Amino acid sequence: MTSTAETATGIRPFHNDIPEEKLTDLRRRIAATQWPEKETVADQSQGVPLAMMQDLARYWATGYDWHRCEAQLNALPQFMTEIDGLEIHFIHVRSQHQDALPLIVNHGWPGSVIEQLKIIGPLTDPTTHGGSAADAFDVVIPSMPGYGFSGKPASTGWGPERMGRAWDVLMTRLGYRRYVAQGGDWGAFIVDLMGVQQLPGLLAIHTNYPGTVPAEIDAAAAAGAPAPDGLSAEETRAYEHLVFSYKQVAYAKLMGTRPQTL
């Protein structure tokens, strides 16, 4: 339920209800997919195998139950608010424990708040999950602009820096003077920049993508060079993963330059 204070700051409850005809149309379009030829190799070196993609499409067309997911979302307190002219959807679950630490959690790409549903219970109700009341958090999980039920930007400028500032506005609007932030994947870049921006209410960040690789080693990995001398076994494994990642980022480079073409 929305408090009077939340209503006064432009925060309103949200309930999602996707019409069945939209789901029927989606299933129809999945079933009408025109598939490419099968790959010419027996491994995944040319990309995701055709058979795997067809199995996935069959699942989305006949096996996936959106209404079950919708009910799971609607069982949680969801809200909408406008920040910088854009509608922002978010989940906000307050802990029953006093002095719970406010936490804003950022999802990744191409994900959504659904990624985070499993952590809400342990974070807001730690005593039920083997923790103590001192471990409790109030959890805020926003849908990033253009994702899920949030609005889609009509102009450029909604990069991670602006999203970070928007989350500070959101947490302040919810009445939190101090809070922490967590992010993974695309959301990690947002919390990294929130830390760089030194936002007034931000106490600390937790990121799944810490920027800890020295510049010269990062440059070598980007070039696909062998691991530099002097690395430990663990550092060498990390370096090899970094080289692999750099070899797979062509899609990201395209999206970063001409996303409309893609």
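## Strands and sheet

Let's start in the sheet: strand β6 (residues 179-183) runs parallel to β7, and five bridges pair the two. Within that pairing, A181 has I205 of β7 as its bridge partner. Keep in mind as you look around that this is a predicted model.

Stepping back, the sheet is open and has seven strands, in the order β1-β2-β3-β5-β4-β6-β7, with mixed pairing. At its edges stand β1 (12-13) and β7 (202-207); each has a single partner strand, so one side of each lacks a neighbour in the sheet.

## How confident is the model?

The protein chain has a mean pLDDT of 92, and 97% of its residues reach 70 or more. Residues 1-5 call for some care, as the pLDDT there is below 50. Beyond near neighbours in sequence, that stretch has six contacts in the model.

Y59 is partly exposed, since its relative accessible area is 40%.

## Salt bridges

Across the whole structure there are seven salt bridges. One of them joins the side chains of R162 and D84, with 3.5 Å from N to O. This pair ties together distant parts of the chain, 78 residues apart: R162 belongs to helix α6 (residues 160-173), while D84 sits in the loop between β2 (78-83) and β3 (86-93).

Which residue forms a salt bridge with E39? The partner is K38, and the closest N and O atoms of the pair are 3.7 Å apart. Is E39 buried or exposed? E39 counts as buried because its relative accessible area is 19%, and the cut-off for buried is under 20%. K38, by contrast, is exposed, with a relative accessible area of 56%.

E20 and R27 make another salt bridge through their side chains, at 3.3 Å from N to O. Here E20 is partly exposed, with 36% relative accessibility, and R27 is partly exposed too, with a relative accessible area of 27%.

Methods. Residues are numbered from 1 along each chain as its sequence is written. This is a predicted model: local features need pLDDT of at least 70, side-chain atom pairs count only at pLDDT 80 or more; totals for chains, interfaces and linings use all residues. Side-chain values use heavy atoms; hydrogens and water are left out. pLDDT is the predictor's confidence in each residue, from 0 to 100. Contact means heavy atoms within 4.5 Å. Buried means under 20% relative accessible area, exposed over 50%, partly exposed in between (1.4 Å probe, protein chains only). Two strands pair if DSSP finds at least two bridges between them. Helices (H or I, at least four residues) and strands (E, at least two) are DSSP runs, numbered from the N terminus. A salt bridge is a side-chain nitrogen of Lys or Arg within 4 Å of a carboxyl oxygen of Asp or Glu.
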